[in-house]
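The following exercises ask the reader to work through a structure step by step. Each task is followed by a worked solution.

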Amino acid sequence: MDSIKIRGGHGLNGTVPISGAKNSALKLMVATILTDEPLVLTRMPDLADTRFLTTLLQHFGAEISRDGNRMQLHTPRLENAEAPYDLVRKMRASFNVLGPLLARNGEARVSLPGGCAIGARPVDLHLKALEALGAEIELAEGYVEAKAPKGLTGGAVTFPFVSVGATEHAILAAVLAKGETTLENAAREPEIVDLADCLTSMGARIEGAGSATITITGVDRLNGATHAVVPDRIETGTYALAVATAGGDVLLEDAVWKHNEALWDRLGHAGVIAAWAEGGIRIRSENGRLAATDIETRPYPGFPTDEQAQFMAAMCVADGRSVIRETIFENRFMHAPELMRMGAQIDLRGNEAIVTGVETLRGAQVMATDLRASVSLVIAGLVAAGETTIGRVYHLDRGFEGLEAKLAACGADIERVKE
Ligand code: UD1
């Protein structure tokens, strides 16, 4: 298994090009199931997760080709409407094929995604939304068996709490349903808007994406389209926090200011200058230690749970005590014990981590546990004295395109060690 070695203590200076958003790309790729015409996605990140979803979609009959950051997906015929356990368990987002398979085929069988390192992550809201659209659902032998013999019909869905995946799943299923669907308490993340924009260019009728109420009027068919994936706000936040922690001056090329306002607010408090600049966002952190700053994760536009681990790494070397509260996932502090192995002082109390900043972290051998946790260890490694080795980097490869190259281009001493 590959590992990443970092020798800390170098500031970051230069430009980081921000890739297309992984979380958006995965749902956009699934839209190929809804049309027999080609769908072209540009600014497509090349990641383990997008490669993996390619394999699953090919299993359904999709023809997929890639040229740099341009991907073409074409599903002239659906050859299969079953997603087996082996293909779903590796990546939870693949569960979102269920609704589109049902919409195109009238029936589908998709394995339940199974456990996940950051908590139980059930799919009950996904299934309730599909039932509200007329799907008949049975659970058998770890599979969801869904039928809509006369097609899906519009319905009213009120989510009891915000779920990004369930909102996207409901949209993907409702665009071809007969009649009108309303989603209340819908997620408002930029990835939802991106999905709605892409489906709209395919001929779908969607109002209100980006607000808590979304209305979808079903159409008979969707056509092909060309769509650029939205820049990755989580990758943006991650590099912003890397610069904040290691010090330096970096332009995050193509980053979208309004997609990370909660982070800019907190970074401002910590003493980092984040400003809109020609071509992206410029981050400057040149005044010594950061000021300790609290965060609480919330659905968008609140502070993203996917940037919590990275923010914690920054706070490990801040001046003072910060409280980090995680309200979205119940088991999302797995990076804390690894950061502590590098000398961080963190007190875990339920869904709160109390971080007392130290002057220096020390390089150590640490282990990646999930995607965002592992990149927090990279950030800690950039500022730690000596050498940090991060194992199980396949977690990083799932979601960060060209991580070592992007950091090395800004002056980090980082390399991948192949084993
Ligand atoms: C997506 C993102 C993930 C991010 C998360 C929250 C993708 C591929 N992943 O995950 O990176 O951390 O949004 O911003 O886009 N829940 C239920 N029942 C359900 C669905 C969700 O109880 O049917 C719970 C989850 O366990 C969690 C909360 O709802 O506690 C929010 O999860 P959700 O927004 O659905 O996250 P994902 O879409 O899985």
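Predicted model: local features only at pLDDT ≥ 70, side-chain atom pairs only at ≥ 80, totals over all residues.

**Exercise 1. Locate Arg43 and Arg392, and describe their phi values.**

Solution. Step 1: Most residues other than glycine have a negative phi, and most peptide bonds are trans.

Step 1: Arg43 is not a glycine, yet has a positive phi of about 50 degrees. Arg43 lies in the loop between strand E3 (39-42) and helix H2 (48-59). With a relative accessible area of 30%, Arg43 is partly exposed.

Step 2: Arg392 also has a positive phi, near 55 degrees. The loop that holds Arg392 runs between strand E23 (387-391) and helix H13 (394-399). Because its relative accessible area is 36%, Arg392 counts as partly exposed.

**Exercise 2. Determine whether the peptide bond from Tyr300 to Pro301 is cis or trans, and place Pro301 in the chain.**

Solution. Step 1: The bond has an omega near 10 degrees and is cis.

Step 1: Pro301 is found in the loop between strand E18 (295-296) and H10.

**Exercise 3. Describe the surroundings of Glu235. Is Glu235 buried or exposed?**

Solution. Step 1: Glu235 belongs to helix H8 (residues 233-246).

Step 1: Glu235 is buried because its relative accessible area is 2%.

Step 2: Leaving out residues up to four places away in sequence, Glu235 touches Pro17, Ile18, Ser19, Phe400, Glu401 and Lys406.

Step 3: The side chains of Glu235 and Lys406 are joined by a polar contact of 2.6 Å. A polar contact is a pair of N or O atoms within 3.5 Å; within protein, one must be able to donate a hydrogen and the other to accept it, and residues adjacent in sequence count only if both atoms are side-chain atoms.

**Exercise 4. Characterise the shell of residues around the ligand.**

Solution. Step 1: There are 20 residues around the ligand, and Asp124, Ser163, Gly165, Asp306 and Ile328 come nearest. A residue is near a molecule if one of its heavy atoms lies within 4 Å of it.

Step 1: An oxygen atom of the ligand lies 2.6 Å from an N or O atom in the Ser163 side chain. For Gly165, a polar backbone atom is 2.7 Å from a ligand oxygen.

Step 2: Helix H1 (22-30), helix H5 (124-132) and helix H6 (164-174) are the elements that give two or more residues to the shell. H5 supplies the largest share, three residues.

**Exercise 5. Name the residues with the most contacts inside the largest nonpolar core, and list what Leu199 touches.**

Solution. Step 1: A nonpolar core is a set of buried Ala, Val, Leu, Ile, Met, Phe, Trp, Tyr and Cys residues joined through side-chain atoms within 4.5 Å.

Step 1: The largest such core has 72 residues, and Leu57, Val97 and Leu199 have the most contacts inside it. H6 gives the most to this core, six residues.

Step 2: Not counting residues up to four places away in sequence, Leu199 touches Ala31, Leu34, Ile171, Leu172, Val175, Ala204, Ile206 and Leu222.

Step 3: A second, separate core of 67 residues includes Ile281, Cys316, Leu339 and Val358.

Technical notes:
Residues numbered from 1 in each chain as written. Heavy atoms only, no water. Helix = DSSP H or I, 4+ residues; strand = E, 2+ residues; numbered from the N terminus. Buried < 20%, exposed > 50% of the residue type's maximum accessible area, 1.4 Å probe, protein only. Contact = heavy atoms within 4.5 Å.
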